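Me: I have a chain to study and I want to learn to read it. Can we go through it in short questions and answers?

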Amino acid sequence: MPPWVRMQFPDATRMVKGLRDTACDAPDCAWCREKSDPVKALSRWFGFDGFRPTPTDAEGRPLQERIVDEGMRGNSLLGILPTGTGKSVCYKIPALAKFDRIGALTVVISPPVARGAYPKAQIEARCWQPDSLSDAPAILRTFKRWRL
Ligand SMILES: [Zn+2]
């Protein structure tokens, strides 16, 4: 959405988000069934027919799929997967879906494992969510806290 539209019509951003980025449960809603389906998104952007079958959540659903589904719904989550089980799609697919639906930018903060700040940064990333990228002072304060 062009910036002038947001300036001229302040509610436009909220309305577009509500219309394009909030999935309904109607089975006949082609938009939501297409744009909110983790498996369709995986196939579209990565060419796979399904997520890795293991590990699974408590209900037996592939954990990758569960994490992507929660991310695509905009829910906060902490996903912990063993090395080599495809963690990157867990944040790439929700980011691509968000951009596809509303043109939003996603910033992924992935602290280097070798640094001692990793556990602290992971905890703060889970708890911290700026209202927008325009909240630059809050973003800078957070980055400074993570720096050793
Ligand atoms: Zn819908």
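Predicted model: local features only at pLDDT ≥ 70, side-chain atom pairs only at ≥ 80, totals over all residues.

Me: How many helices and how many strands does the chain have?
Reply: From the N terminus on, the elements run α-α-α-α-α-α-α-α. The count is 8 helices and 0 strands.

Me: What share of the residues counts as buried?
Reply: A residue is buried if 20 or more other C-beta atoms lie within 10 Å of its own. The chain has 148 residues. The buried share of them is 14%.

Me: Which residues make up the largest nonpolar core?
Reply: The core has 11 residues in all. H4, H5 and H6 each supply at least two residues of this core. Its members are Ala41, Leu42, Phe51, Leu63, Ile67, Val68, Met72, Val89, Cys90, Ile93 and Ala97.

Me: Do the buried residues of H4 line one face or several, and why?
Reply: The buried residues of H4 are Pro38, Ala41 and Leu42. Seen down the axis of H4, they fall within an arc of 100°. In an α-helix there are 3.6 residues a turn, so residues three or four places apart point the same way. The buried residues of H4 therefore line one face of the helix.

Me: Which helices are among those that cover the buried residues of H4?
Reply: Take Ala41, one of the buried residues of H4. Leaving out residues up to four places away in sequence, Ala41 touches Met72, Ile93, Leu96 and Ala97. Leu96 sits in H6. The cover over the buried residues of H4 includes H5 and H6.

Me: Are H4 and H5 roughly parallel or roughly perpendicular?
Reply: H4 covers residues 38-46, and H5 covers residues 63-72. Their axes come within 9 Å and cross at roughly 100°. Angles of 65 to 115 degrees count as roughly perpendicular. So H4 and H5 are roughly perpendicular.

Me: How many nonpolar, polar and charged residues are in the contact of H4 with H5?
Reply: On the H4 side are Pro38, Val39 and Ala41. They meet Glu65, Val68, Asp69 and Met72 of H5. The contact divides into 5 nonpolar, no polar and 2 charged.

Me: How many nonpolar, polar and charged residues are in the contact of H4 with H6?
Reply: H4 and H6 pack at about 90°, with their axes 10 Å apart. The two helices are therefore roughly perpendicular. H4 brings Pro38, Ala41, Leu42, Trp45 and Phe46, while H6 brings Val89, Ile93, Leu96 and Ala97. This contact divides into 9 nonpolar, no polar and no charged.

Me: Is Leu96 buried, partly exposed or exposed?
Reply: Leu96 belongs to H6. Not counting residues up to four places away in sequence, Leu96 touches Ala41 and Trp45. Buried needs 20 or more C-beta neighbours, and exposed needs 12 or fewer. Leu96 has 17 other C-beta atoms within 10 Å, so Leu96 is partly exposed.

Me: Is Leu105 buried or exposed?
Reply: Leu105 lies in the loop between H6 and H7. The C-alpha atoms of Leu105 and Ala95, 10 residues apart along the chain, are separated by 7.5 Å. Leu105 has 8 C-beta neighbours inside 10 Å, so Leu105 counts as exposed.

Me: How far apart in space are Leu19 and Cys32, C-alpha to C-alpha?
Reply: Leu19 is in H2, residues 12-20. With 11 other C-beta atoms within 10 Å, Leu19 is exposed. Leu19 and Cys32 are 13 residues apart in sequence. In space, C-alpha to C-alpha, their separation is 9.9 Å.

Me: Is the peptide bond from Thr54 to Pro55 cis or trans?
Reply: Pro55 lies in the loop between H4 and H5. Most peptide bonds are trans. The bond from Thr54 to Pro55 has omega near -5°. This peptide bond is cis.

Methods: Residues numbered from 1 in each chain as written. Axes fitted to C-alpha atoms, helices over the stretch in contact; angles between N-to-C directions. Helix = DSSP H or I, 4+ residues; strand = E, 2+ residues; numbered from the N terminus. Parallel < 35°, antiparallel > 145°, perpendicular 65-115°, else oblique. Contact = placed C-beta atoms within 7 Å. Nonpolar A, V, L, I, M, F, W, Y, C, P; charged D, E, K, R; others polar. Core = buried A, V, L, I, M, F, W, Y, C linked by C-beta atoms within 7 Å. Arc of directions from axis to C-beta.
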